[in-house]
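Subject: Structure for your review

Dear colleague,

Please find the structure below, followed by a summary of what was found in it.

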Amino acid sequence: MNESITWLGLVDDEEIRLDNAALELSALDHPGLELFPYQQLLDEMEQRLLVVGGSAVIVGEQRAALAQVIADEFGFAGDRDSYDAPVNADMIRVLDRRRGLPVSLSILYVALARAMDWQAEPLNTPGHVLVRLTTPEATLLVDPFSGGAAVGDEKLAALMEAGDGGAEPMSNRGTLVRLLLNQASRAERGGDIARAATLYERMTIFAPEDGMGWWELARLRLIADDTAGAKQSLSAMLEVTREPTRRRQILAALEAIA
């Protein structure tokens with residue numbers, strides 16, 4: 001079944017449209033489900049945004065148009081009642097329920113903004129993905145989890161204090177990795193190692209050079225006493241890793257397993 005997402009690992013990153021790619025990843029968990037109604041919904045949102053925001057030039061207007069269409073008219077919002085539910089990172093269920101995590105909702109905002117030829121990027125903010133809209137004149141941060149509200153300096157500072165790292169833009173593949181990472185970490189915490197391993201394996205298919213998928217897959221295969229599988233994952237990771245320190249870590253792990 002994973003063959004259906006092989007193309008995601010072969011095309012250039014900028015050729016990936018985030019909402020469609022997330023939908024295809026989700027479809028792997030819903031065999032036989034017809035995707036046309038979901039693609040039609042995304043098209044309807046895009047057409048509505050064209051009407052509402054077709055003349056938007058400044059970032060404030062673009063943010064307002066996105067919020068009006070996605071949050072107000074189509075009803076998408078952050079799921080505050082069942083935040084850790086796996087359905088919040090499953091794009092098919094996100095579209096069904098109109099509820100999701102910051103990363104899944106950010107995918108909608110970014111994809112629709114880019115469909116308007118607006119410059120939009122998901123930001124790898126600690127614990128809470130934001131969207132950055134940029135024009136030649138200004139930049140604005142948007143919180144899709146909070147109905148597309150603008151993010152001021154005070155809220156951004158609070159997010160930065162909540163975890164390590166900064167608000168760095170994510171590539172398309174990096175965004176999809178973070179989406180699946182949410183599912184995988186929740187599956188492992190719930191004791192479903194096989195499910196977590198399945199999700200990490202998908203990461204290795206559409207983001208083979210990322211490294212995280214290979215490393216975590218090797219770790220879970222060791223937990224499952226699959227030494228040969230763990231070696232295979234680490235060897236594959238070594239082939240795509242160029243950073244010297246990371247390569248030493250992989251070689252050390254391989255030696256320890258041997």
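Domain bounds, as used here, come from an automatic or database domain assignment. That assignment gives domain 1 (2-172) and domain 2 (208-257), and the centres of domain 1 and domain 2, taken over C-alpha atoms, are 31 Å apart.

This is a predicted model, in which local features need pLDDT of at least 70 and side-chain atom pairs count only at pLDDT 80 or more, while totals for chains, interfaces and linings use all residues. Residues are numbered from 1 along each chain as its sequence is written, and side-chain values use heavy atoms, with hydrogens and water left out.

The C-alpha trace spans about 60 × 40 × 35 Å along its principal axes. Of the 258 residues, 47% are buried (under 20% relative accessible area, 1.4 Å probe, protein chains only).

Arginine 178 is buried but has no salt bridge (a side-chain nitrogen of Lys or Arg within 4 Å of a carboxyl oxygen of Asp or Glu); aspartate 143, the nearest side chain of opposite charge, is 10 Å away. Residues touched by arginine 178, leaving aside those up to four places away in sequence, include Val103, His128 and Met170 (contact means heavy atoms within 4.5 Å).

Yours sincerely

Notes. Buried means under 20% relative accessible area, exposed over 50%, partly exposed in between (1.4 Å probe, protein chains only). Lys and Arg count as positive and Asp and Glu as negative; His and the chain ends are not counted.
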